[in-house]
Amino acid sequence: MKFFVDTADIAEIRDLAETGMVDGVTTNPSLVAKSGRDFFEVLRDICAIVPGPVSAEVAATDSKAMIEEGLRLSEVAGNIAVKVPLTWDGLKACRTLSGRGLMVNVTLCFSANQALLAAKAGATFVSPFVGRLDDAGHEGMELIEEIRTIYDNYDALATEILVASVRNPVHVRDAALIGADVVTLPPAVLRALAAHPLTDKGLAAFLADWKKTGQEILR
Ligand code: G3P
C-alpha cells in the first residue's frame with residue numbers, strides 16, 4: 001500500500017521524505033491556504049522533493065475552467081495529479097484530462113456510486129474521505145470495503161483507491177486489511193505508525209543490558 005502525505009507544509013514533507021516512506025503528496029485548497037504560500041511555488045517545491053504523484057486541486061466548478069486549470073497545473077511538473085471534485089463537471093473534466101494522459105485524483109468521494117462514476121471517468125485515483133464520514137456518524141471504512149469489492153468485480157475499472165481524511169493509525173491498518181491502494185496521511189499520523197510503548201520499553205531494556213557488558217561494537 002502506498003503512503004502519500006496529506007499536507008502542503010514543505011518542512012514536514014522534506015523531513016518525512018527522508019524516511020523513504022513517502023510515495024506521493026496530496027494537497028487541497030485548505031492545506032494550501034494553511035501554508036500561507038503561493039500555490040505554484042508550493043507545488044514546485046513539493047515536486048522537487050517527492051517524485052511520486054503530487055495532487056493539486058482545481059478551484060473552478062465548471063468543467064471547461066477545470067480543464068483549463070488542470071492543464072495549467074500539470075505544467076508545473078510531470079508528477080502532478082490534477083485533483084477535481086466528484087461532481088458531474090468534475091467527472092467531465094476527469095474524462096478529458098485523463099484522456100490527455102494526465103493523472104487525475106477525483107476527490108470528495110462519499111459513496112460507492114460516486115467512486116464507480118470516478119472509475120468510469122478514467123480517474124487515476126479516487127479519494128473517499130473516511131474521517132469525515134466517521135465524523136458524521138457513518139462507518140467510513142465500510143465505504144472503502146464497498147469500493148474495493150466493486151472495483152475488483154470489473155477488470156476495466158483501473159482506478160486506485162486513495163483513502164483520504166485519515167484520522168488515526170487504525171484507519172491505516174483497516175485500509176491495508178481491505179486492500180486499498182493508497183492512504184494519504186497527515187504527518188502526525190504517519191509518524192504515529194512507528195510508535196508503540198512496548199517497543200520503547202524493550203529497547204530501553206536491551207540498551208541497559210548491553211551497557212552492563214561494557215562492550216562497544218565499533219571499538
Ligand atoms: O486532502 C484530502 C483529505 O485528506 C482531507 O481530509 O477531512 O482531514 O480535511 P480532512
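How far does a polar side-chain atom of N28 lie from an oxygen atom of the ligand? The distance is 2.8 Å, which falls within the limit for a polar contact, a pair of N or O atoms within 3.5 Å. This is a predicted model, in which local features need pLDDT of at least 70 and side-chain atom pairs count only at pLDDT 80 or more, while totals for chains, interfaces and linings use all residues. Residues are numbered from 1 along each chain as its sequence is written, and side-chain values use heavy atoms, with hydrogens and water left out.

The residues around the ligand, each with a heavy atom within 4 Å of it, include D6, N28, K83, F129 and R167. A polar side-chain atom of D6 lies 2.6 Å from a ligand oxygen, and an N or O atom in the side chain of R167 is 3.1 Å from a ligand oxygen.

R167 also forms a salt bridge with D135, with 2.8 Å between the closest N and O atoms. A salt bridge here is a side-chain nitrogen of Lys or Arg within 4 Å of a carboxyl oxygen of Asp or Glu. Because R167 lies in the loop between β7 (160–163) and α9 (169–178) and D135 lies in helix α7 (residues 130–135), the pair ties together parts that are 32 residues apart in sequence. Helices (H or I, at least four residues) and strands (E, at least two) are DSSP runs, numbered from the N terminus.

R148 forms a salt bridge with D181, the closest N and O atoms being 3.3 Å apart. The whole structure holds twelve salt bridges.

Definitions and conventions:
Polar contact = N/O pair within 3.5 Å; in protein donor to acceptor, adjacent residues only side chain to side chain.
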